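This briefing covers strand pairing, nonpolar cores, disulfides and salt bridges. The sequence and structure are shown first, and the topics follow in groups.

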Amino acid sequence: MQQSVGGMANAGPQKAEFDSQHRPITAGGFAKNGPIVFQNIAASAGLTRWHHQSGTPEKRFILEAKGPGVCLLDYDNDGWLDIYLVNGSNYDALAGKATPPHAALFHNNHDGAFTEVTETAEVANDRWGYGCAVGDYDNDGWPDLYVTNFGKNRLYHNNHDGTSTDVAEKAGVTVGTWSTGATFGDYDGDGRLDLFVAGYLRFDLSNPPVSGSKAVGYAFCQYRGVQVMCGPRGLKGEQDHLFHNNGDGTFTDVSKKLGVDDPSGYYGLGALFVDVNGDGKPDLLVANDTSPNYLYMNKGDGTFEDQSYSSGYALNGSGREIANMGIAAGDYENNGHLSVVNTDFADDYDVLFQNDGTRFFSDVSLQAGLVTHTMPFVSFADGFLDYDNDGWKDLLIVNGHVYPEADKHPEWGESYAQRHLLFRNLRNGKFELVPAVEGTGLAVVSVGRGAAFGDIFNDGKIDVVINNMDGVPVLLRNVNPDHHQWVELRLIGGLKSPRDAVGTTVYLAAAGIRQRGDVLSGGSYLSSNDLRVHFGLGDATDAGTAKIHWPSGAKEMVKLPAVNRIYTITEGQGITGALCDGNPRAGSSLPLAGHN
């Protein structure tokens, strides 16, 4: 450990790695030629008019170094994903001496460009924001948005007319401390989405944790012998909160009652409701910074059992706690089991927790080929995505340092702004790093934090939006040259399931393999992905048959008529809508996907 207090858990300093131009590998190592998978089109899409802000450039305090998240949601139900970008703040704004920066909602214009509609939508969140999560908590068919802050959180209820109303106070979900990751899920099976909110640490503006001060026990906060911001180690952790949905627009905090309130005071960042053992009940994962992870197994009776250690998810394969940040869940082996990737700090590796299907996890990061490539990077967001539509889930990891001092100390072999990593699934349990070709999206260097994954252009290819610290967003449009087939499902729950079908699992039998996809809210890093389920089909011309496990417990088989479509499937009714090339299917009487 190189930190006296406030550092990130890691295995210790590794040998610095540089490329042929003497750049740290985190900001270099680009290839002249190779596959072009992504292009950053944020500027032409109109996203770079907005800029994230967080405290000072020096990052004197940890409050300035976390966040921001990003959410994908179809807020106006037109069948196209819109983008919500969380913003931070500064100390003058907190003190009422300056106008606070605002978050941004960008409406998808259906032509590759976006228009900012933050003001008219009334979702500016003029607080110090960190993360967001999407869920239709009142089952009215319109997505709502929860935003986590330092201070009171917001719950933006969708008014169905392009505007939203913050109802967090009335709903009882403001929290009021320092919240980070959030996730919606119906943990008790009553058909209504509940809400879990992770807490990070207790930060006192009037007594900030300055190195050598009483607030940190007079310790000196260092990284590789250089004084840096303090935290999280040495500071007091914040509590987590689970809010039960009462069905009347209000929630009840049941955290302590159910034993998921984080009595150990760990530093919560990532959070995700996801069914890890296939019993149809959402379990709860919490990624804790420099402390053990939580896995709360859903017992099916409205309660949880803490199986963090017995499951193997609390620590990495060496029995060490790490600086857990992001959470990605996906069936990368096509065996029906959701494995999990947790991102980590530099000098340590991002962990692939392989799931045996019964909720026992094994660290297979080395065998999978992730260790060497991820060690130099400070990783935040992550997600499984089938970028080439071959039917096997690949992995993208978003990086960016927390210490600006990295740029002043080239001997570290680390940079503040970093490139992002794409790993291709080799179909044998292993991944290979896709080269970052100069001038393409994988060669973009930014101080990455949150990222959201989804089919933003309704073309069957998964794109990625990255929200960057003190910068403009990155929009990685998927331009991979493959001509593989695909299919996507927009699911609508029935009377006994959440309306947006969060918690649904789909098994698609097609192209000789059986894939799994889940409707999840939250995850990545303080972000929320496309709620539609995407499957690559390779060269198959038969879209296959979907077996849908609804949250209500109902199971439904649906034969998909054609490839390269976005189908709307309503519980108990089969296919009720279809999009082709972003438009209603020609000659079809089916309604437009996205309308209810």
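Strand S16 is mostly covered, with 8 of its 8 residues buried; buried denotes under 20% relative accessible area, exposed over 50%, and partly exposed in between (1.4 Å probe, protein chains only). Helices (H or I, at least four residues) and strands (E, at least two) are DSSP runs, numbered from the N terminus. The model is predicted: local features need pLDDT of at least 70, side-chain atom pairs count only at pLDDT 80 or more, and totals for chains, interfaces and linings use all residues. Residues are numbered from 1 along each chain as its sequence is written, and side-chain values use heavy atoms, with hydrogens and water left out.

**Strand pairing**
- S16 pairs with strand S17 (residues 283-289) in the antiparallel sense over 7 bridges, where pairing requires that DSSP finds at least two bridges between two strands.
- Within S17, Leu 285 stands opposite Leu 272.

**Nonpolar cores**
- A nonpolar core is a set of buried Ala, Val, Leu, Ile, Met, Phe, Trp, Tyr and Cys residues joined through side-chain atoms within 4.5 Å.
- The largest such core has 54 residues, of which Phe 38, Trp 178, Phe 345, Leu 385, Leu 396, Leu 422 and Val 464 touch the most other members.
- Elements giving two or more residues to this core include S16 (267-274), S24 (379-385), S25 (394-399) and S31 (463-468).
- S24 provides the largest share of this core, 3 residues.
- Another core, of 38 residues, lies apart from it, with Ala 133, Ala 168, Val 197 and Ile 569 among its members.

**Disulfides**
- The count comes to 2 disulfides, each being a pair of cysteine sulfur atoms within 2.5 Å.
- Cys 71 is joined to Cys 132 with an S to S distance of 2.2 Å, and this link is right-handed, with 125° about the S-S bond.
- The pair links distant parts of the chain, 61 residues apart: Cys 71 lies in strand S2 (residues 70-73) and Cys 132 in strand S6 (residues 128-135).
- Both Cys 71 and Cys 132 are buried.
- The sulfur atoms of Cys 221 and Cys 230 are 1.9 Å apart in the other disulfide, which is right-handed because the torsion about its S-S bond is about 100°.
- Cys 221 counts as buried at 0% relative accessibility, and Cys 230 counts as buried at 1%.
- With the bonded cysteines numbered in sequence order, the pairing is 1-2, 3-4.

**Salt bridges**
- The count comes to 22 salt bridges, a salt bridge being a side-chain nitrogen of Lys or Arg within 4 Å of a carboxyl oxygen of Asp or Glu.
- Glu 238 forms one with Arg 202, the closest N and O atoms being 3.6 Å apart; the two residues are 36 residues apart and link distant parts of the chain.
- Glu 238 is buried, at 7% relative accessible area, whereas Arg 202 is partly exposed, at 42%.
- Glu 321 and Arg 233 form a salt bridge with closest N and O atoms 2.6 Å apart.
- Glu 321 lies in the loop between helix H5 (308-311) and strand S20 (327-330), and Arg 233 in the loop between S13 and S14, so this pair ties together parts that are 88 residues apart in sequence.
- Both partners are partly exposed, Glu 321 with a relative accessible area of 29% and Arg 233 with 25%.
- Asp 518 forms a salt bridge with Arg 516, their closest N and O atoms being 2.8 Å apart.
- Asp 518 counts as buried at 17% relative accessibility, and Arg 516 is buried at 2%.
- Salt bridges that share partners join Asp 126, Arg 154 and Asp 166 into one network.
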